[in-house]
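Subject: Model for your review

Hello,

Here is the model I said I would pass on.

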Amino acid sequence: CGAKHWATNFMNLSLIEESLANFHSTLMSMGKNEAEDTESMEEMLTGIAEAADGIDRALLFANGLKLKTDPAQLLFDYIVGLARTLVGLGDEKSQKYAAQWIEKVEEYVEAFESNAMQKVVLSLKNAWK
């Protein structure tokens, strides 16, 4: 069964949601102690890679269900959370990676999200420019 079972994917997304919240908190609290910041950043980069991998697996799973709805509707919050974390890292490579993730939800955003959220998504997409 593994990652092909819906319960596994929902449990994984729950863990990813918690991780994304922790990443944001860590980014907000950095800058007080250089040694701790270095250690936190190393752990966070590993966690971000794991979150991205988990979201990608969930996206593949959702696409495989062949639903009549865009999988972005199910994964929008996770993808935006990941993109916010990547942009928050501040380097161009991470910001470009965030833009690649945002591209996965653009059509959904244009069709269903508010103007305010569309502006947020556009800002995340263009952060590296």
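Once its neighbours within four places in sequence are set aside, Q95 is in contact with L86, V87, G90, A127 and W128, where contact means heavy atoms within 4.5 Å. Q95 sits in helix α4. Q95 counts as buried because its relative accessibility is 11%; buried means under 20% relative accessible area, exposed over 50%, and partly exposed in between, with a 1.4 Å probe and protein chains only. Helices here are DSSP runs of H or I with at least four residues, numbered from the N terminus.

Before the rest, two notes on the source. This is a predicted model, in which local features need pLDDT of at least 70 and side-chain atom pairs count only at pLDDT 80 or more, while totals for chains, interfaces and linings use all residues. Residues are numbered from 1 along each chain as its sequence is written, and side-chain values use heavy atoms, with hydrogens and water left out.

Helices α3 and α4

The axes of α3 and α4 come within 7 Å of each other and cross at roughly 165°. Axes are lines fitted to C-alpha atoms, for helices over the stretch in contact, and angles run from 0 to 180 degrees between N-to-C directions. The crossing angle therefore makes α3 roughly antiparallel to α4; angles under 35 degrees count as roughly parallel, over 145 as roughly antiparallel, 65 to 115 as roughly perpendicular, and the rest as oblique. The crossing of α3 past α4 is left-handed, a term used if the near helix is turned anticlockwise from the far one by less than a right angle, with right-handed for clockwise.

On the α3 side the contact involves I79, V80, L82, A83, L86, V87 and L89, and on the α4 side S94, Q95, Y97, A98, W101 and I102. Sorted by class, this contact has eleven nonpolar, two polar and no charged residues. For the classes, Ala, Val, Leu, Ile, Met, Phe, Trp, Tyr, Cys and Pro count as nonpolar, Asp, Glu, Lys and Arg as charged, and the others, Gly among them, as polar.

A83, in helix α3, is buried, with a relative accessible area of 0%. Leaving aside neighbours within four places in sequence, A83 is in contact with A98, I102 and L124. A83 and S94 are eleven residues apart in sequence, and their C-alpha atoms are 8.7 Å apart.

Helices α1 and α3

Helix α1 (residues 6-29) packs against helix α3 (residues 71-89) at an angle of about 25°, with the axes 10 Å apart. That angle means α1 is roughly parallel to α3. This crossing, of α1 and α3, is left-handed. From α1, the residues L13, I16, E17, L20, F23, H24 and L27 meet L75, Y78, G81, L82, R84, T85, G88 and L89 from α3. By class, the contact has nine nonpolar, four polar and two charged residues.

T8 is also in helix α1 and is partly exposed, at 36% relative accessible area. The C-alpha atoms of T8 and A58 are separated by 9.4 Å, although the two residues are 50 apart along the chain.

Aromatic pairs

The structure holds four aromatic pairs. Rings of Phe, Tyr and Trp (its six-membered ring) pair if their centres lie within 6.5 Å; planes under 30 degrees apart count as stacked, over 60 as edge-to-face, and the rest as tilted. F76 and Y108 form a tilted pair, 5.5 Å centre to centre with 55° between the planes. This pair links distant parts of the chain, with F76 in helix α3 and Y108 in helix α5 (residues 106-112), 32 residues apart. F76 is buried at 4% relative accessible area, and Y108 counts as buried at 10%. Ring pairs also link F76, Y108 and F112 into a cluster.

Y97 and W101 form an edge-to-face pair, 6.3 Å centre to centre with 75° between the planes. Both lie in helix α4 (residues 92-103), four residues apart, about one turn of the helix. Y97 is partly exposed at 35% relative accessible area, whereas W101 counts as buried at 3%.

A loop residue

K66 lies in the loop between α2 (34-64) and α3. The phi of K66 is near 55°, a positive value in a residue other than glycine. K66 is exposed, with a relative accessible area of 69%.

Regards

Key. Helix = DSSP H or I, 4+ residues; strand = E, 2+ residues; numbered from the N terminus.
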